[in-house]
Structure formats: structure tokens, C-alpha cells
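Let's take a friendly walk through a protein chain together. Have a look at the picture first, and then we will go through some of its details.

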Amino acid sequence: MIKYQLLCDSEHEFEGWFRDSADFDAQSGDGLLECPICGSGEVRKAVMAPAVAKRGSVSPSARKSAFLREMAEAAGRARQYVEKNFDYVGDKFPEEARKIHYGETDPRGIYGEATGREVKDLVEEGVSVAPLPGATPKGANSKDDKAGAPRPASSVGERSADKRAATKTPAGKKLN
Ligand SMILES: [Zn+2]
């Protein structure tokens with residue numbers, strides 16, 4: 001997973017998670033990206049400073065592991081933020097995400113569970129969904145654990161049908 005800082009043509013800044021840079025290009029090319037603040041479809045990547053240690057101070061492999069550790073920590077923080085600030089809607093996620101998207105209910109951050117198919121449908125409708133990072137690995141989600149803790153996990157445009165969740169992109173919220 002990769003996180004991009006994104007900008008719309010009105011310079012609104014927001015974040016998006018993608019499987020890889022090709023996933024960003026595909027979604028961008030298909031016009032699936034939109035600014036959560038003004039709804040503009042003119043979305044581009046903001047320039048980001050890479051989070052690496054000072055040049056020459058550590059070996060490349062140490063730098064890489066530090067980078068991976070930071071990524072894991074950032075993912076954990078993002079997940080905590082979502083779980084603390086967003087409404088968990090369980091398997092009503094696709095329904096609730098649509099209501100928000102079509103303005104039938106107040107805009108808010110939600111998270112919950114959805115199948116790969118449901119996520120794909122949402123993405124095709126232009127609903128902003130994003131995977132919740134730091135989620136339970138594939139295989140740990142059985143169909144019988146719905147009563148347990150929320151386990152959002154998936155990626156946008158996921159093709160396989162056995163991953164079960166997605167999260168609503170925080171509209172205009174920043175992870176800090
Ligand atoms: Zn905007």
C-alpha cells in the first residue's frame with residue numbers, strides 16, 4: 001500500500017491510499033478520484049519529501065527498515081484514528097457509503113466491511129473508499145466472525161471476492 005498526498009485544482013490537500021503507483025494512475029485516468037472538499041475531479045499528486053534518514057548516516061538496508069517501520073507506524077496511527085473518529089457501520093458499509101456519496105445523510109467518516117465485489121461497485125459509482133491500513137491479514141477473516149471486533153481490510157478495486165472490508169475516505173479530515 002502506498003499513501004499519496006493529493007491536491008485538487010483548488011489546492012485542497014487530502015490523502016489517498018493506493019495499491020501502488022499504477023493503481024493511482026489507473027484511478028486518476030478513469031476519473032475516479034475526486035476532492036473530498038469541493039468534489040473536483042482535477043486531482044494530482046502533491047510533491048512529498050521522502051521520509052528517510054540523513055544521507056550517509058545509515059546504511060541503505062537500515063534506511064529501508066527504518067522506512068518500513070515508519071510506514072507500519074503510520075498505518076497503525078491511521079487505523080487508530082479511523083477507529084477513534086469514524087463510525088463503524090459493519091456490513092452496512094456499502095449502503096452507508098452510498099447515502100453519504102449521494103447526499104442522503106450528513107457527510108462523515110465511516111468504516112466497515114465490504115466484499116471485494118461491493119468495493120468494486122462503489123469505486124465504479126465514484127464513491128470514495130479506501131482500505132484501512134494495518135488491517136487483519138487475508139485469511140484471518142472468516143465469515144463467522146462478524147460479531148467480533150471490526151476488521152476492515154481490503155484495497156480499492158480489489159478483484160478477489162474474499163477480502164471483506166473497506167473504509168470511507170475521511171472527507172476533508174487529516175490524519176494527525
Ligand atoms: Zn478541492
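Leaving aside its neighbours within four places in sequence, which residues is aspartate 9 in contact with? Keep this question in mind while we get our bearings.

## The overall plan

What you see is a predicted model. The protein chain has four helices and seven strands. Reading from the N terminus on, the elements run β-β-α-β-α-β-α-β-α-β-β.

The chain has 176 residues, and buried residues make up 28% of them. Now take the contacts with a separation of 6 or more: 59% of these are accounted for by residues 24 or more positions apart.

## The loop between strands 1 and 2

Back to our opening question. Aspartate 9 sits in the loop between strand 1 and strand 2. Once neighbours within four places in sequence are left aside, aspartate 9 is in contact with Ser40 and Glu42. The C-alpha atoms of aspartate 9 and valine 43 are separated by 6.6 Å, although these two residues are 34 residues apart along the chain. Is aspartate 9 buried or exposed? It is exposed, because it has 12 other C-beta atoms within 10 Å, and a residue counts as exposed at 12 or fewer.

Glutamate 11 belongs to this loop too, between strand 1 (2–8) and strand 2 (13–18). Glutamate 11 is exposed, because 9 other C-beta atoms lie within 10 Å. Its backbone deserves a look as well: phi of glutamate 11 is positive, near 65°, and this residue is not a glycine. For comparison, most residues other than glycine have a negative phi.

## Helix 3 and its buried side

Helix 3 covers residues 93–101, and its buried residues are Phe93, Pro94 and Ala97. Why do they lie on the same side of helix 3? Because they cover an arc of only 95° around the axis.

Just after helix 3 comes glycine 103, with a positive phi of about 75°.

## Helix 4 and its buried side

Which residues of helix 4 (residues 116–124) are buried? They are Glu118, Val119 and Leu122. These residues are on the same side of helix 4, because the arc they cover around the axis is only 100°.

Helix 4 is followed by glycine 126, and the phi of glycine 126 is positive, near 90°.

Definitions and conventions. Residues numbered from 1 in each chain as written. Predicted model: local features only at pLDDT ≥ 70, side-chain atom pairs only at ≥ 80, totals over all residues. Buried ≥ 20, exposed ≤ 12 C-beta atoms within 10 Å, placed from the backbone. Helix = DSSP H or I, 4+ residues; strand = E, 2+ residues; numbered from the N terminus. Arc of directions from axis to C-beta. Contact = placed C-beta atoms within 7 Å.
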